[in-house]
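Colleague: I would like to go through this structure and ask what lies behind the terms used for it. Please show it before we start.

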Amino acid sequence: MAGKRKTKVAKPKHDDLTKPSKWRLQHGGFSEPVRDTDPDTGSPVANRRAVDTLGLMLANGSITPQMHEAGAMFRVTFRLAALDGMRTTQLLRIQGGGGDLLSERQAAARRRLAAALDLFGGADSAGGSCLWHVLGLECSLREWAMRQGWSGRPVHHVQAQGILLTALGVLAAHYGLLPRERAA
């Protein structure tokens, strides 16, 4: 009497943990691994940094280090102003307290952000909108270009890169990282 054949059970493939997963790679590139030691255990590790739009542009030579620094300063100010849409509930609530919803630090950051965006004509202008979405909300440049449009026409990604380059140059001069003659 013949017995039933046993079907082979597929063994799960283990991902190579030394590389980023396929899912993570589709959301942007990574820098080369930097060999280091773990401060807690002393074992060797390979650290990889996710590359953002400004990092890619700096690596390609599209922007100067001063423009990169200006973009990073804008991003930090945007985070301090708490405009990134990320909301959390308060972990500690004081009963009967009707305190201010905005801290002094957030209010000062919002004033600095408004002063920077006023250079471009506000957040609704091309430069202001690009800075808001690409640097502040960390959308990709291509995503912003597809979403943004004037007179019913989308912005081409090459034009979007030009808008971002111009805005970064103006920001670098505004923050005092470039002489004002070179920025124009």
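Modeller: One definition comes before the rest: two strands pair if DSSP finds at least two bridges between them. Helices (H or I, at least four residues) and strands (E, at least two) are DSSP runs, numbered from the N terminus. The model is predicted, so local features need pLDDT of at least 70 and side-chain atom pairs count only at pLDDT 80 or more, while totals for chains, interfaces and linings use all residues. Residues are numbered from 1 along each chain as its sequence is written, and side-chain values use heavy atoms, with hydrogens and water left out.

Colleague: How do you know that strand β1 and strand β2 pair?

Modeller: β1 (residues 34–37) and β2 (residues 44–47) share 4 bridges, in the antiparallel sense. The definition asks for at least two, so these strands pair. As one of the bridges, Thr-37 has Pro-44 in β2 as its partner. The two strands form a hairpin with 6 residues between them, and Gly-42 in the turn has a positive phi of about 80°.

Colleague: Why is α5 called roughly perpendicular to α7?

Modeller: The axes of α5 (residues 126–136) and α7 (residues 157–174) cross at roughly 95° and come within 9 Å. Axes are lines fitted to C-alpha atoms, for helices over the stretch in contact, and angles run from 0 to 180 degrees between N-to-C directions. Angles under 35 degrees count as roughly parallel, over 145 as roughly antiparallel, 65 to 115 as roughly perpendicular and the rest as oblique. The angle therefore makes α5 roughly perpendicular to α7.

Colleague: Which residues of α5 and α7 meet?

Modeller: Among them are Cys-130 and Leu-131 in α5, and Ile-163 and Leu-164 in α7. Contact means heavy atoms within 4.5 Å. The residues of this contact divide into 11 nonpolar, 1 polar and no charged. Ala, Val, Leu, Ile, Met, Phe, Trp, Tyr, Cys and Pro count as nonpolar, Asp, Glu, Lys and Arg as charged, and the others, Gly among them, as polar.

Colleague: What makes α3 roughly perpendicular to α5?

Modeller: The axes of α3 (residues 65–80) and α5 cross at roughly 80°, and that angle makes α3 roughly perpendicular to α5. The contact includes Arg-75 and Arg-79 of α3, and Trp-132 of α5. By class, the contact has 6 nonpolar, 2 polar and 2 charged residues.

Colleague: How many of the 184 residues count as buried?

Modeller: The share is 24%, where buried means under 20% relative accessible area (exposed is over 50%, partly exposed in between; 1.4 Å probe, protein chains only).
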